[in-house]
Amino acid sequence: MNVLVPRLAVVGVGLIGGSLALGLKAAGAVGEVVGIGRGRANLERALELGVIDRISDRVEDGVADADLVFLATPVQTLPAIAAAALPHMKSGAILTDGGSVKGSVVKAIEPLVPAGVHFVPGHPIAGTEKSGAEAAFATLYRNRRCILTPTARTDRGALELVRQVWRCVGSEVVVMDVQKHDRILGAISHLPHMVAYSLVNAVGSYDRYEENILEYSAGGFRDFTRIASSDPTMWRDIALTNREALLEMMELFERFFAELKEDVRRGDAERLFEFFLRSKQSRDAIL
Ligand SMILES: NC(=O)c1ccc[n+]([C@@H]2O[C@H](COP(=O)([O-])OP(=O)(O)OC[C@H]3O[C@@H](n4cnc5c(N)ncnc54)[C@H](O)[C@@H]3O)[C@@H](O)[C@H]2O)c1
Ligand SMILES: O=C(O)C(=O)C[C@]1(C(=O)O)C=C[C@@H](O)C=C1
């Protein structure tokens, strides 16, 4: 494979940033990877694991010679990091990100982009509940989707390069407008995390017996709540920056849960069966 990105700078060498670096390395598509972050121990571990080739202690220095800068830190930290990075990026360089919410990120970053530097907002729809450089792996993005949310200001050449980067690690690239992205992800990703976190807290608070009843959990509870082990900082930031779409979905969910509760209360066998069947059919169809 030709080198697509001679020098990549990754800010936030965790699951998402580290996996992009590893995927590009595995494809032979990157020259050097510079890692930038807050936690020295995590960066040193990333270096040891071969996720990055060198550490830079300051965003300003680390991005200076990069052709592509990938921001992969919690959503609320992205604007300040972009503000620190952008004035130091070379002409023709591209800034992109992997933040789970796009509206707030684009609104804050786009006005900061100087002439000659390009910004391509993105979001890989892939992940796990694990965090940090140790959690990164080269195949995370294989057979997954990556959504890019360009605006009227986005440079088409830069968009094409970022598209190729994600294709190179095995993703199907989908281009979508920012608002649609935030609504769809609010439904398909953010709501399920809110439900999983609530379920664990609700069941965990049940105190009729002295035992911790979570210890009785088996496949059903554990499969359903895997994502409640996800990083609280990441999910706090998502809940705060996609509030409108998330509240709309939480209200929709409440209506469905109330309907189910009413059917249980009334002992309506026919409606219960129909409710479960409709859900099973929808889910089976995407497997
Ligand atoms: N985990 C997922 O499933 C997933 C999927 C898609 C997108 N995302 C998004 O990707 C981003 C990164 O998520 P992740 O799962 O890789 O998290 P992570 O915790 O594994 O990695 C984030 C890294 O950023 C560092 N960091 C945090 N604040 C920083 C700051 N102010 N300056 C520099 N470094 C900082 C952390 O130390 C950590 O090493 C988030 O915006 C998240 O919403 C996550
Ligand atoms: O598989 C997981 O653990 C995930 O939570 C990944 C997941 C999701 O599917 O909701 C989480 C957040 C993202 O921004 C994208 C993907």
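1. Basis of the model. Residues are numbered from 1 along each chain as its sequence is written, and chains are lettered from A and ligands numbered from 1 in the order in which they are written. Because the model is predicted, local features need pLDDT of at least 70 and side-chain atom pairs count only at pLDDT 80 or more, while totals for chains, interfaces and linings use all residues.

2. Domains. The protein chain is divided into domain 1 (5-176) and domain 2 (180-285), with bounds from an automatic or database domain assignment. Their C-alpha centres lie 31 Å apart. The contact takes 14 residues from domain 1 and 16 residues from domain 2, two residues being in contact if their C-beta atoms, placed from the backbone, lie within 7 Å. On the side of domain 1 that touches domain 2, five residues are nonpolar, seven polar and two charged. Here Ala, Val, Leu, Ile, Met, Phe, Trp, Tyr, Cys and Pro count as nonpolar, Asp, Glu, Lys and Arg as charged, and the others, Gly among them, as polar.

3. Ligand 1. This ligand is surrounded by 29 residues, of which Gly12, Gly14, Ile16, Ser100 and Gly127 are the closest; a residue is near a molecule if its C-beta atom, placed from the backbone, lies within 6 Å of it. The shell comprises twelve nonpolar, 15 polar and two charged residues. At least two residues come from each of α1 (15-26), β7 (122-125) and α9 (232-241), and α1 gives the largest share, three residues. Helices (H or I, at least four residues) and strands (E, at least two) are DSSP runs, numbered from the N terminus. Domain 1 and domain 2 each contribute at least three residues to this shell.

4. Ligand 2. Around ligand 2 stand Ser100, Ile125, Ala126, Gly127, Thr128, Glu129, Ser189, Ile227 and Ser230. Three of the shell residues are nonpolar, five polar and one charged. Ligand 2 lies between the domains, because both domain 1 and domain 2 give residues to its shell.

5. Helix α10. The 24 residues of α10 (residues 243-266) should span 34 Å at 1.5 Å a residue, which agrees with end C-alpha atoms 34 Å apart; the expected span is 1.5 Å times one less than the number of residues. Its buried residues (20 or more other C-beta atoms within 10 Å of their own, placed from the backbone) are Ala245, Leu246 and Met249. Their cover includes α7 (178-204) and α9. Gly267, with a positive phi near 65°, follows α10.

Terms used. A residue is buried if 20 or more other C-beta atoms lie within 10 Å of its own, exposed if 12 or fewer, and partly exposed in between; C-beta atoms are placed from the backbone.
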